[in-house]
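Please keep the structure open while reading.

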Amino acid sequence: MAQNVAEKTKTPTIPSFDGLYIGGRWTPPVAGDVIEQISPVTEEPLGSAPAASDADMDRAVAAARTAFDEGPWPRMSVHQRIEVLERARKIYAARADDIASLITAEMGCPASIAGLLQVGYPQLILDYYVSLGRTWEFEQLRGHSLVRQVPVGVVAAIVPWNTPHSASMVKLAPALLSGCTIVAKPSPETALDGLVLAEIFAEAGMPEGVVNVVPAGRESGEHLVRHPGVDMVTFTGSTAAGARIGSICGGDIRRFSLELGGKSAAIILDDADTPSVVQGLRFASFLNSGQVCTNQTRILAPRSRYTEVVDAVCEMVSTMSVGDPTDPGTEVGPLVSQQQRNRVERYIGIGLEEGATIATGGSRPSSQSAGWFIEPTVFRDVDNRMTIAQEEIFGPVVAVIAYDDDGHAVELANDSRYGLGGGVWTSDAERGLNLARRVRTGLMSINGADSEVLAPFGGFKQSGVGREAGPEGLLNYVELQTISCPG
């Protein structure tokens, strides 16, 4: 269980764990390895968490396997499972403020948006699947055939650090509703909040072995993916890692779903109100300090209004507050790690080398003496073939690209190996909708409209395989069985 400690940090109370959550118990890691978490604000130790080894993954899979093959969870009625999920929802709501503060401390998400992005969405997801489960037909009689949706089995859920609970819950809630058992692997950067999630499910009365939480690095994560006791892998993260996971699962003919990277385009039409658009881009392009896979980081502007758009975006960026993420006025916090800041700086250098121009930003902010900060950065004079227009940077960096007409804008938006998100900004909603239909991405918004948990989320092309959220998210975690009955 967690013990509260607050030494060496000005952040809210940080939990400390000495055990992994396996088989309904808190158990020390076999090798005794520890993940040392570093504050992205102070660059000083924040806390520590146990690190799972291959042997721990074996134990977690065995616990989940036993819970699925022999335990009560898959054999409960869906309404009994809903009762447990409802208890988890209430416990989560009571702890939501502390969880939001913890995630801010771990990975630097500005507190101004952590309440919605980091803990609001997980609660919406739980509410949605509890509601869906009340009316969902897991069995249907078609003629004299009984068609059943049965749980896929043991699910390995590998989640990222940028939205750790949101990415976890959109997997766990539908998987648990269907009757699956879980081995969840949080990212090392957000290991503590992953173990808090284990506490919540334990308190809610989840049977032993149904939810196992084992923070670990990449090597032990791959061991989990390869484990013969796992029936399905669900992953959110980089396209490179997703390709690796897909190849492993393909070789074993194992189910998998992948929610991967993006390089989304914000198409600003020539009838758009520029001041309104750029205020929308505060969130659509720079959410979570640029560390969101759906952020619209390619800003496509009409050539006739290119300078106007660049100037407006730069003016907006100049008003964004950069600093301590616990300050409610902060809009851009630090990046999650020194490695991530180095990556962003490398891309900024590549942009300059390839001929793009920094219109604003591009450096470490002088106002911050410590922490992994980078200024919100706007590139102009960008060709869509440049590296900064084609590769996911995952930081507060946008590229403004000129287009000639609507057809050219669609061509540029689609000229990407990714197809995750995007948006159209216009004063004519019908025109925007018609154009959005031509863009090959899984998620499009008109004038920054929010996506909903009842609608599927996922990507075309190298942005992923499968969908999360909505009823489609539940279908990820079931197999279809047909039983032909006597007429």
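1. Both Tyr 128 and Tyr 129 are buried, where buried means under 20% relative accessible area, exposed over 50%, and partly exposed in between (1.4 Å probe, protein chains only). Tyr 128 and Tyr 129 form an edge-to-face aromatic pair, with 4.9 Å centre to centre and 75° between the planes. Rings of Phe, Tyr and Trp (its six-membered ring) pair if their centres lie within 6.5 Å; planes under 30 degrees apart count as stacked, over 60 as edge-to-face and the rest as tilted.

2. A word on the source. This is a predicted model, in which local features need pLDDT of at least 70 and side-chain atom pairs count only at pLDDT 80 or more, while totals for chains, interfaces and linings use all residues. Residues are numbered from 1 along each chain as its sequence is written, and side-chain values use heavy atoms, with hydrogens and water left out.

3. How many aromatic pairs does a search of the whole structure find? The search finds four. One of them is the tilted pair of Tyr 21 and Trp 26, at 5.0 Å centre to centre and 50° between the planes. Tyr 21 is buried, with a relative accessible area of 5%. Phe 17, Tyr 21 and Trp 26 make up one aromatic cluster.

4. Tyr 129 also belongs to the largest nonpolar core, which has 72 residues. A nonpolar core is a set of buried Ala, Val, Leu, Ile, Met, Phe, Trp, Tyr and Cys residues joined through side-chain atoms within 4.5 Å. The members that touch the most other members are Tyr 129, Met 169, Leu 176, Ile 182, Phe 201 and Met 206. Elements giving two or more residues to this core include helix H2 (78-107), helix H3 (111-135), helix H4 (164-178) and strand S10 (181-185). H2 gives the most, with 14 residues. Helices (H or I, at least four residues) and strands (E, at least two) are DSSP runs, numbered from the N terminus.

5. What does Met 169 touch, not counting residues up to four places away in sequence? The list is Tyr 92, Pro 122, Ile 125, Leu 126, Pro 174, Leu 197 and Phe 201. Contact here means heavy atoms within 4.5 Å.

6. A second, separate core has 29 residues, among them Ala 265, Leu 335, Ala 436 and Val 439. Ala 436 is also one of the buried residues of helix H13 (residues 429-436), together with Gly 432 and Leu 435. Why do they lie on the same side of H13? They are on the same side because they cover an arc of only 100° around the axis, the arc being that of the directions from the helix axis to the C-beta atoms. Their cover includes strand S14 (264-268), helix H12 (406-414), strand S20 (422-425) and strand S21 (445-446).

7. At the start of H13, a side-chain oxygen of Asp 428 comes to within 3.2 Å of the backbone nitrogen of Glu 430. A polar contact is a pair of N or O atoms within 3.5 Å; within protein, one must be able to donate a hydrogen and the other to accept it, and residues adjacent in sequence count only if both atoms are side-chain atoms.

8. Thr 190 is in the loop between S10 and H5. Is Thr 190 buried or exposed? Thr 190 counts as buried, at 0% relative accessibility. Leaving aside neighbours within four places in sequence, Thr 190 is in contact with Gln 37, Glu 106, Met 107, Pro 160, Trp 161 and Pro 164.

9. Asn 288 is not a glycine, yet has a positive phi of about 55°; Asn 288 is in the loop between helix H8 (274-284) and strand S15 (296-302) and is buried, at 1% relative accessible area. Lys 461, also other than glycine, has a positive phi near 50°. Lys 461 is in strand S22 (residues 460-461) and is partly exposed, at 41%.

10. Arg 467 is in the loop between strand S23 (464-465) and helix H14 (470-475), and is partly exposed at 23% relative accessibility. Arg 467 and Leu 258 are 209 residues apart in sequence, but their C-alpha atoms are 8.2 Å apart in space. A polar atom of the Arg 467 side chain lies 3.3 Å from the backbone oxygen of Gly 459.
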